[in-house]
Amino acid sequence: MITQDSIILENIEIAKDIYKMTLQGDFNAQPGQFINIKLNNERLLLRRPISVYDVYEDKLVIIYRVVGSGTKELSQEKVGNTLNILGPIGSGFPLTNNKKVVIVGGGIGVPPLQLLAKNLKNKDITFVLGFRNKEAVILENELKKYGEVIVATDDGSYGFKGNVLQAIDEYKIDFDVIYACGPSKMLEFIDKKYQGYKEGYISFEERMACGMGICYGCVCKPKKLDNGMLRVCKEGPVFELGVISYE
Ligand SMILES: Cc1cc2nc3c(=O)[nH]c(=O)nc-3n(C[C@H](O)[C@H](O)[C@H](O)COP(=O)(O)OP(=O)(O)OC[C@H]3O[C@@H](n4cnc5c(N)ncnc54)[C@H](O)[C@@H]3O)c2cc1C
């Protein structure tokens, strides 16, 4: 596993409690992969996994929400400081060509979908993005350069009132492949609805410890137990529809 010390080039708040951080370094990332960040506070031992939002020759960008002590610490890091980065690691989204694609994101699950859209050769992409309310909406304009963007909010304060699945039905979105990243309940509903008759890939989040496939702290149960449990950090975070068991 490769780690590198990366200098922080940018760390700015782009929406309430949501930050964009740019790190200098030589990164080779597939869409859907994540980096595992060692915090500079000795008391916070475990690395924190954050998905790759974008990658360039000499820098990588992440977008993260402050939810606890680790991400709070991250938000307080200054430009010029250094962070130790493991990765990019994990399985990425398989890229499909010349198919009608719907890309579904929920909340802080939206950022990794930018790199996916950038790498897809498809010209027919529709995004369906779900948020709690208008204040929580992020990346709508950034994603518009890759396709049509439909925003849904739970309270109807912006865009379609309802959840992402309701929006897909309401707008009668026709697609061959579905990609999704977001809250586990959203992914479960998508998986159960489309497995068996649509091609699709969903990116899971689990609390993670080692991030290297050793501790089995981030496992989820597959439908077929032939090869044991699936580690989100190693076999995942991206899984094909129909692979995960929700029982
Ligand atoms: C593969 C992967 C990719 C991720 N990508 C992103 C990303 O691009 N942007 C982003 O903001 N976050 C992302 N996360 C979630 C992020 O890792 C956690 O929010 C972060 O580790 C929390 O650390 P903390 O110390 O601030 O919070 P803690 O103090 O550890 O926890 C605060 C709260 O967040 C919850 N939480 C902690 N870790 C996770 C987790 N892994 N999944 C779900 N809930 C969690 C806890 O249950 C608790 O309620 C990703 C997680 C995984 C596994």
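Modeller: The chain is divided into domain 1 (3-89) and domain 2 (101-240), with bounds that come from an automatic or database domain assignment. This is a predicted model, in which local features need pLDDT of at least 70 and side-chain atom pairs count only at pLDDT 80 or more, while totals for chains, interfaces and linings use all residues. Residues are numbered from 1 along each chain as its sequence is written.

Colleague: How do you know that domain 1 and domain 2 touch, and what does the contact take from each?

Modeller: Two residues are in contact if their C-beta atoms, placed from the backbone, lie within 7 Å. The C-alpha centres of the two domains lie 21 Å apart, and the contact takes 20 residues from domain 1 and 16 residues from domain 2. On the domain 1 side, the elements that give two or more residues include strand E1 (3-15), strand E3 (34-38) and strand E7 (82-89); helices (H or I, at least four residues) and strands (E, at least two) are DSSP runs, numbered from the N terminus.

Colleague: What makes up the side of domain 1 that touches domain 2, by class?

Modeller: It has 13 nonpolar, three polar and four charged residues, where Ala, Val, Leu, Ile, Met, Phe, Trp, Tyr, Cys and Pro count as nonpolar, Asp, Glu, Lys and Arg as charged, and the others, Gly among them, as polar.

Colleague: What makes a set of residues a nonpolar core, and which members of the largest one touch the most others?

Modeller: A nonpolar core is a set of buried Ala, Val, Leu, Ile, Met, Phe, Trp, Tyr and Cys residues joined through C-beta atoms within 7 Å. Of the 70 residues in the largest core, Val52, Ile62, Ile103, Val104, Val128, Ile178 and Tyr179 touch the most other members, and this core draws at least three residues from each of domain 1 and domain 2. Leaving aside its neighbours within four places in sequence, Val52 is in contact with residues that include Phe34, Ile62, Pro88, Pro112 and Leu115.

Colleague: Why is Tyr216 called partly exposed, and where does Tyr216 sit?

Modeller: A residue is buried if 20 or more other C-beta atoms, placed from the backbone, lie within 10 Å of its own, exposed if 12 or fewer, and partly exposed in between. Tyr216 has 13 such atoms, so it is partly exposed; its place is in the loop between strand E13 (199-203) and strand E14 (219-220). Beyond its neighbours within four places in sequence, Tyr216 is in contact with Met229 and Arg231.

Colleague: What is the order of the open sheet of seven strands, and why are E4 and E5 called edge strands?

Modeller: Two strands pair if DSSP finds at least two bridges between them. The order is E4-E3-E7-E1-E2-E6-E5, with antiparallel pairing, and E4 and E5 are the edges in that each pairs on one side only. Within this sheet, strand E2 (residues 18-24) and E6 pair over seven bridges, with Ile18 opposite Arg65 in E6. Elsewhere, strand E9 (residues 125-131) and strand E10 (residues 148-153) pair in the parallel sense over six bridges.

Colleague: What makes the phi angles of Asp17 and Lys172 stand out?

Modeller: Most residues other than glycine have a negative phi, and most peptide bonds are trans. Asp17 has a positive phi of about 65 degrees, and Lys172 has a positive phi of about 50 degrees. Asp17 lies in the loop between E1 and E2 and, with 14 C-beta neighbours inside 10 Å, counts as partly exposed, whereas Lys172, in the loop between helix H4 (164-170) and strand E12 (177-181), has 6 and therefore counts as exposed.

Colleague: Which value shows that the peptide bond from Gly87 to Pro88 is cis?

Modeller: Its omega is near 10 degrees, and Pro88 lies in strand E7.
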